[in-house]
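Dear colleague,

Please find below the sequence and structure that I am handing over to you. A summary of the findings follows.

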Amino acid sequence: MRIYKLDGLRGIFSLMIVFFHYKENYLPDFMCQLFFIRECYTFVDFFFVLSGYVIAVNYHNKISDFSKFRNYIKKRFFRLFPLLFYTVTLTLIFDLIGNFYLPNLVKNVDEVSTLLMRYLDTLTFMNSTPVLGSSSGINGVSWSISSEMISYFVFGSVSLFAIGQKKNFVILTVIIFCFLFSIYNGSHFNTGDYGFIRGLISFNLGYFVWLLSLKKIKVNNYLEFLIPVFLLTMFYLMNNYMSGFNKQMFGLFVVPIFFSVSILLLLNTNGLITKVLNTKPLVFLGEISYSVYLNHAIFILVGPKIIFNILGLPQNTSTEIFVFLMIITTIIIYSKLTYVYVEKKGGQLLKKKLTKS
């Protein structure tokens, strides 16, 4: 089941995360200092809530025995692993070459053993946990894929052993436990160390978004406009008035709830924002958003350095905007290719090989 307006929103947010990661020294000040851009890392919480909702829609009553649980995990693995393997292997090769021959292009020069451990950490879906170390993995953003896979496993396990109201209670208990741990740890926006806790909170809130969506609450279509208004207000407060522990706790108690309510609201409206999100360009961006998310790191790290530092293009407002748009366009085109040939065909090939074995 696909809800195209939520795909469209996911597409926008995936590009905003690319914008957030883009190096400030290659952007005009008026762009990189926008409060809205500085807080775009929170969109990862939206991805988790949306994923939890989609999984609840498709699997809420389908994991009734170990065989179905195994098939569910396999399907999730087939969906995530091909692109993950492709992007982190490419990043490992780039880092190895960069460390020895092009140190100015890589972010850090690391020992080969360190890179290989991060590679293993990522491919085992452990890089959002401290199990193999506290790094975010070989491709930094891939920590959230680890967190997502762990959330899949937890949801499937709960579905296997608990049904009805008992299942609701267990999932709520998971959320409360993760909230308490985050308060104890003094943080919410974790990535490589306890990022799986962050994922479990938002993912499981997505399950309750699904439960509430079953009630078919009718709301005025104009209420859609509250989403961007509250989003901008939230980001403005976080960027200008919060830091440290206070910002982390605001993120913990407000950000996942906000995205949960926003998705629930969009599920029950059909206003102007829905119509915009349903447009083909935005739905297309949502379709390739997983590829955009995992592909973008190398492009935004290397592209500006090559163009400005090596090729010597003069750096000014016009050239910075031009290069930024060129790199974004390249990421989108490349991500369409990886969506077709790695995500889709790679998943089909993996399914065929593992099903036969």
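Helix 5 (66–100) and helix 6 (112–123) each supply at least two residues of a nonpolar surface patch; helices are DSSP runs of H or I with at least four residues, numbered from the N terminus. This is a predicted model, in which local features need pLDDT of at least 70 and side-chain atom pairs count only at pLDDT 80 or more, whereas totals for chains, interfaces and linings use all residues. Residues are numbered from 1 along each chain as its sequence is written, and side-chain values use heavy atoms, with hydrogens and water left out.

The patch covers about 710 Å² and is made by Ile93, Ile97, Phe100, Tyr101, Leu102, Val112 and Leu116. Patch residues have over 30% relative accessible area and no salt bridge; nonpolar side chains (Val, Leu, Ile, Met, Phe, Trp, Tyr) are joined within 5 Å, and like charges within 9 Å. Areas come from the Shrake-Rupley method with a 1.4 Å probe, and for residues only the protein chains shown count as cover. Helix 5 gives the most to the patch, with 3 residues.

Buried means under 20% relative accessible area, exposed over 50%, and partly exposed in between (1.4 Å probe, protein chains only). Tyrosine 53 is in helix 4 and counts as buried because its relative accessibility is 5%.

The structure also holds 5 salt bridges, each defined as a side-chain nitrogen of Lys or Arg within 4 Å of a carboxyl oxygen of Asp or Glu. In one of them, glutamate 39 pairs with lysine 247, with the closest N and O atoms 3.1 Å apart. Glutamate 39 lies in the loop between helix 3 (35–38) and helix 4, and lysine 247 in helix 11 (residues 244–267), so the pair ties together parts 208 residues apart in sequence. Both glutamate 39 and lysine 247 are buried.

A further salt bridge joins glutamate 343 and arginine 79 (2.8 Å, N to O). This pair links distant parts of the chain, with glutamate 343 in helix 15 (residues 317–356) and arginine 79 in helix 5, 264 residues apart.

Yours sincerely
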